[in-house]
Amino acid sequence: MDKIVGPSSRHAKEDRIVDIFPVSTADIDDKIIEAARRLWSNNFGLSRVARNQRVDAGIKRPGPDKDSEIAFLRKRRQAAIDPKSTPDIRGDARACWGEGHMKEEDFQAKKRLKRAHFMNDHLLPSERQRLFSEADHDNWKKDQWQKARMHKRAQERREATLSLKRPLPRWEPFSKVFLESRLSPLQSSSVAQILPKLKMHIGKNSAEANFFAVADLANIGDRVSWTLAFLGGTVATEKYFKTNGQAGGCASYHLTSGTLWVSASFAAENYAVYELVETLIARSAGRWTWQPGAADDFVRSRRTRLFGLIAKREKASDAFREKCNVFSARALRDHIIKLDASSVLG
């Protein structure tokens, strides 16, 4: 290294030595590799040194037994891949055939042609007359008719699936229909005209109605939403009533049950909602009941399906901070309302 780069370049880094190193040749590379080997051996010794000497060192190991299973399998595999050990079977095999072989070949050829005829019907008339009898041709015609019939039935089933008829509405005779305030006068008039034909009439109170005519199923008014949350029912658009369920939208809501406690602050600040809830609980036929007492009684109660209706500012108070069953007005309504997903149309 000193002869090539000089002693003054020993402090240089590796990339610098590569830059100043002359163009390498095979002779120079061999000399450098040999010098590196000697330096490594002198300083670090051999890279791998056996710790213990083998007791069988220098003793020739015995080969496999000629009569063993391993030797037999090795010999058989070698014979299978050795071309010299395979007899030559090239040549005209028909020369060795007998009458039975010729009949079998003719039989297999007819079977292949018959299969092609039944599958694709691409044989010439002369081939059909030569290969098939009258009974074979009749059987083929029956097979083609059966395939066409099965294809037609499958097509009819697909078309019936794609054009499913809407289920008929389950109107309840002599029931009341509540008209939502968001309906236009024209829509309200249209629903009012069709109700006598359905043997139903308009109800002025939402708590007495089983059906509700709304302008939009996705945006139901507050009064109808509260009624559905406590008493359940069916909402439908004006078009649904007008077409007797063949168009428009419809959805049903399940009956619910539980126990409700209302704080004094909520009743004072939201008296209209409190009055409506009071009416709905009275019409629930015992499915909804009141939880009496003050806030401490509500907090200590262990009743199931117990809900607390409080004002928004009360949510942060110490009494209700850790309670998971206290709600504001909108949160309680959205929590207890139960939509029947299987009944949604439109």
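Let's start with a term: a salt bridge is a side-chain nitrogen of Lys or Arg within 4 Å of a carboxyl oxygen of Asp or Glu. Searching the whole structure turns up 9 of them. Before you click, note that this is a predicted model, where local features need pLDDT of at least 70, side-chain atom pairs count only at pLDDT 80 or more, and totals for chains, interfaces and linings use all residues. Residues are numbered from 1 along each chain as its sequence is written, and side-chain values use heavy atoms, with hydrogens and water left out.

**Stop 1: salt bridges**

Select Glu99 and Lys103. They form a salt bridge, with the closest N and O atoms 3.7 Å apart. Both sit in helix H5 (residues 99–120), and because they are 4 residues apart, about one helical turn separates them. (Helices are DSSP runs of H or I, at least four residues, and strands are E runs of at least two, numbered from the N terminus.) Glu99 and Lys103 are both exposed, where exposed means over 50% relative accessible area, buried under 20%, and partly exposed in between, using a 1.4 Å probe and protein chains only.

Next, pick Arg300 and Asp297, whose side chains meet in a salt bridge at 3.0 Å, N to O. The two lie 3 residues apart in helix H13 (residues 295–300). Arg300 is exposed at 54%, while Asp297 is partly exposed at 32%.

**Stop 2: a pair of helices**

Show H9 (residues 222–231) and H12 (residues 271–282). On the H9 side, Arg223, Trp226, Thr227, Phe230 and Leu231 meet Val273, Leu276, Val277, Leu280 and Ile281 of H12, where contact means heavy atoms within 4.5 Å.

**Stop 3: the nonpolar core**

A nonpolar core is a set of buried Ala, Val, Leu, Ile, Met, Phe, Trp, Tyr and Cys residues joined through side-chain atoms within 4.5 Å. The largest one has 20 residues, and Trp226, Phe230, Leu260 and Leu332 have the most contacts inside it. Elements that each supply at least two residues of this core include H9, strand E6 (258–262) and helix H14 (329–336).

Finish by selecting Leu260. Leaving out residues up to four places away in sequence, Leu260 touches several residues, among them Phe230, Val277, Trp288 and Leu332.
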